Amino acid sequence: MKAAPRRPLPQVSDIETKPFWEGCARGEILLQRCLDCSAVRHPPSPICSGCLSSRLEWVPASGNATVYSFVVVHRAFHAAFEEDVPYVVAIVELEEGPHMLSNVVEVPPESVEIGMPLRVCFDCVSDEVTLPKFKPA
Amino acid sequence: MRAGTQCAIVGSAETEVGKLPGRSALQLRLEAAVKAIEDAGLDKHRIDGLVARQPMRNPQSNYSGLMSERLGIEPSYTTDISLSGAGSASMVLSAVSAIQAGICTTVLCVGGDAATAYRGQPSRGRLASEGEDFRSPFGADGAPVMYALAAQRHMYEYGTKSEQFGAVAVACRRHASLNPNAQMRTPITIQDHQSSKFIVEPFRLLDCSLVSDGAGAIIVTTAERAQDLPQPPVQALGMGNACRFSEMTYNVPITTTAAPDAARRAFRMAGVDAADVDFAELYDCFTPVVVMTLEDYGFCGKGEGGAFVESGRIELGGELPVNTHGGLLSQAHIGGMLHITEAVTQLRHQAGERQVDGARVGVVSGQCGELGIHVTLVLGADGR
Ligand SMILES: [Zn+2]
């Protein structure tokens with residue numbers, strides 16, 4: 001029997017994103033907040049794209065979100081996800097404003113709709129990696 | 001073009017397209033380059049600029065240098081363009097800019113891939129994109145995912161229907177059926193579209209572009225030099241580029257592309273507006289991109305693109321023929337290079353059965369960055 005293909009995992013030691021993945025492992029979504037203009041951003045970046053300040057702090061998000069848009073994947077483009085189809089990939093809008101790409105889980109794909117309230121849940125996929133996913137609130 | 005030297009496309013060529021086992025990207029690109037030089041009636045040593053698209057698979061550190069060496073020329077200007085689906089149209093901006101700056105006079109632009117031939121072959125790498133760590137672990141690999149997210153939102157905000165996306169697929173296939181150099185030539189109906197299987201819902205198979213091997217090349221020079229060459233020159237009337245973002249996820253709205261600014265800049269430079277355009281070769285990696293681009297160019301209002309593409313309006317004989325060659329959806333996916341060669345063919349009035357009657361002004365679009373980066377070309381027939 002062929003071994004199941006391995007799922008792609010984030011590089012949790014990446015210099016820009018390490019705190020984000022460490023937050024997920026602890027069960028929280030961390031966003032960057034600019035100490036100069038207070039803008040909250042995602043994905044992690046070395047600077048604030050509004051005022052260009054590099055003085056950024058990490059702040060926890062509430063974990064509440066809504067579906068901004070979603071799709072149902074019927075044909076996986078990575079072999080490791082073939083066993084999951086059909087599954088939902090969504091752009092979710094966090095309560096704090098920033099958008100994230102994730103999965104909507106624990107709900108039949110046909111029940112997902114734009115605007116649906118969501119709550120974060122954490123999928124521990126290895127010793128180092130925990131992925132933030134979302135389920136209906 | 002208002003500022004600088006007027007430029008024109010004087011050579012244009014395509015290789016055969018489709019599944020071409022045993023052919024490499026370099027071989028296909030060189031074939032296209034040699035044909036374009038012949039088409040332009042130029043001695044190869046008059047090519048003093050070379051712009052190459054970076055292939056998606058097996059990218060090189062200096063593709064333009066490799067092409068120059070194999071063609072036995074020593075240009076005074078070489079550069080490689082990445083920019084994915086905007087790369088082909090962007091090569092024309094690069095060529096014209098270099099000519100207007102006085103760096104060179106005659107630029108060969110070439111793109112092409114051995115995309116199907118590459119499957120299963122060892123790769124020396126691929127062009128990666130920023131942010132994959134926030135996409136791939138969620139099973140979001142594959143171009144359809146992001147574009148389907150935009151399509152879903154367009155359906156939600158404007159009531160656009162899957163059947164309307166289907167009308168784009170039908171138009172492209174009808175045009176490909178009239179193009180001897182097309183990969184998919186059997187006409188389809190809306191019903192065929194509706195019964196094709198879901199890939200990434202709301203996308204069905206027939207919303208998705210092809211995977212193709214092939215190459216295309218064009219030659220840009222000054223309008224003055226073009227007068228002495230055999231082909232009717234195709235004038236580069238206007239060009240525009242716009243960058244809103246590189247990743248759709250983090251930006252709003254996702255139902256408007258970067259096209260409004262790119263098109264406004266190109267139309268202004270050309271001194272034309274949407275009503276002057278006789279045909280449009282619009283980047284069509286997925287059917288809704290055509291719908292959104294038509295809106296963003298001002299051919300119809302925002303949100304009206306779905307209704308606009310219905311009833312044959314974008315087919316030959318309709319109000320605005322779109323993708324007269326069949327596009328990425330039905331001719332072949334050569335990164336948009338063949339949108340340019342087709343516009344040249346139309347403006348030379350050499351398109352045979354699929355000729356747009358009296359074509360004087362055509363637009364070409366390229367886009368990438370998940371709709372966030374856009375390039376518009378406005379091209380005109382000789383003597384306009
Ligand atoms: Zn700031």
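Residues are numbered from 1 along each chain as its sequence is written, and chains are lettered from A and ligands numbered from 1 in the order in which they are written. Because the model is predicted, local features need pLDDT of at least 70 and side-chain atom pairs count only at pLDDT 80 or more, whereas totals for chains, interfaces and linings use all residues; side-chain values use heavy atoms, with hydrogens and water left out.

Chain B contains an open sheet of nine strands with mixed pairing, in the order β3-β2-β4-β7-β1-β8-β11-β10-β9. Here helices (H or I, at least four residues) and strands (E, at least two) are DSSP runs numbered from the N terminus, and two strands are taken to pair if DSSP finds at least two bridges between them. The edge strands of this sheet are β3 (77–81) and β9 (279–281) of chain B, each of which pairs on one side only, and the twist averages 25° from one strand to the next. Strand β2 (residues 49–53) of chain B is joined to strand β4 (residues 106–114) of chain B by four bridges in the parallel sense, and B:Gly49 has B:Val107 as its bridge partner in β4(B). Helix α1 (residues 25–40) of chain B lies across β1 (7–14), β2, β4 and β7 (213–222) of chain B and runs at about 35° to β7(B); axes are lines fitted to C-alpha atoms, for helices over the stretch in contact, and angles run from 0 to 180 degrees between N-to-C directions.

Strand β8 (residues 234–243) of chain B is mostly covered, with eight of its 10 residues buried, where buried means under 20% relative accessible area, exposed over 50%, and partly exposed in between (1.4 Å probe, protein chains only). The pairing of β8(B) with β1(B) is antiparallel over two bridges, and B:Ala8 stands opposite B:Gln235 in β8(B). Strand β11 (residues 373–380) of chain B also runs antiparallel to β8(B), the two being joined by eight bridges, with B:Gly238 opposite B:Val378. In strand β10 (residues 361–368) of chain B lies B:Val364, which counts as buried at 1% relative accessibility. Neighbours within four places in sequence aside, the residues in contact (heavy atoms within 4.5 Å) with B:Val364 include B:Glu281, B:Tyr297, B:His339, B:Val375 and B:Leu377. B:Val364 and B:Tyr147, 217 residues apart in sequence, are 20 Å apart in space, C-alpha to C-alpha.

At the interface, 34 residues of chain A are in contact with 29 residues of chain B. The two chains bury about 2800 Å² between them, 70% of it on carbon and sulfur atoms; buried area is the accessible area (1.4 Å probe) that two parts lose on being put together, summed over both. A:Tyr68, A:Phe77 and A:Leu101 supply 23% of the area that chain A buries against chain B, more than any other three residues.

In chain A, A:Asp36 forms a salt bridge with A:Arg55, with the closest N and O atoms 3.2 Å apart. This pair links distant parts of the chain, 19 residues apart, since A:Asp36 is in the loop between β1 (30–34) and β2 (40–41) of chain A and A:Arg55 in the loop between β2 and β3 (56–60) of chain A. A:Asp36 is partly exposed at 46% relative accessibility, as is A:Arg55 at 45%. In chain B, a salt bridge joins B:Lys302 and B:Asp296 (2.8 Å, N to O); B:Lys302 is partly exposed at 31% relative accessibility, whereas B:Asp296 is buried at 8%. Salt bridges that share partners also join B:Glu16, B:Arg23, B:Glu31 and B:Lys35 into one network.

A search of the whole structure finds zero disulfides over all chains, a disulfide being a pair of cysteine sulfur atoms within 2.5 Å. The sulfur of B:Cys172 is 12 Å from the closest cysteine sulfur, that of B:Cys285, and therefore too far for a bond. B:Cys208 is likewise in no disulfide, the nearest cysteine sulfur, in B:Cys285, being 9.5 Å away. B:Cys172 is buried, with a relative accessible area of 2%, and B:Cys208 is buried at 14%.

Conventions. A salt bridge is a side-chain nitrogen of Lys or Arg within 4 Å of a carboxyl oxygen of Asp or Glu.
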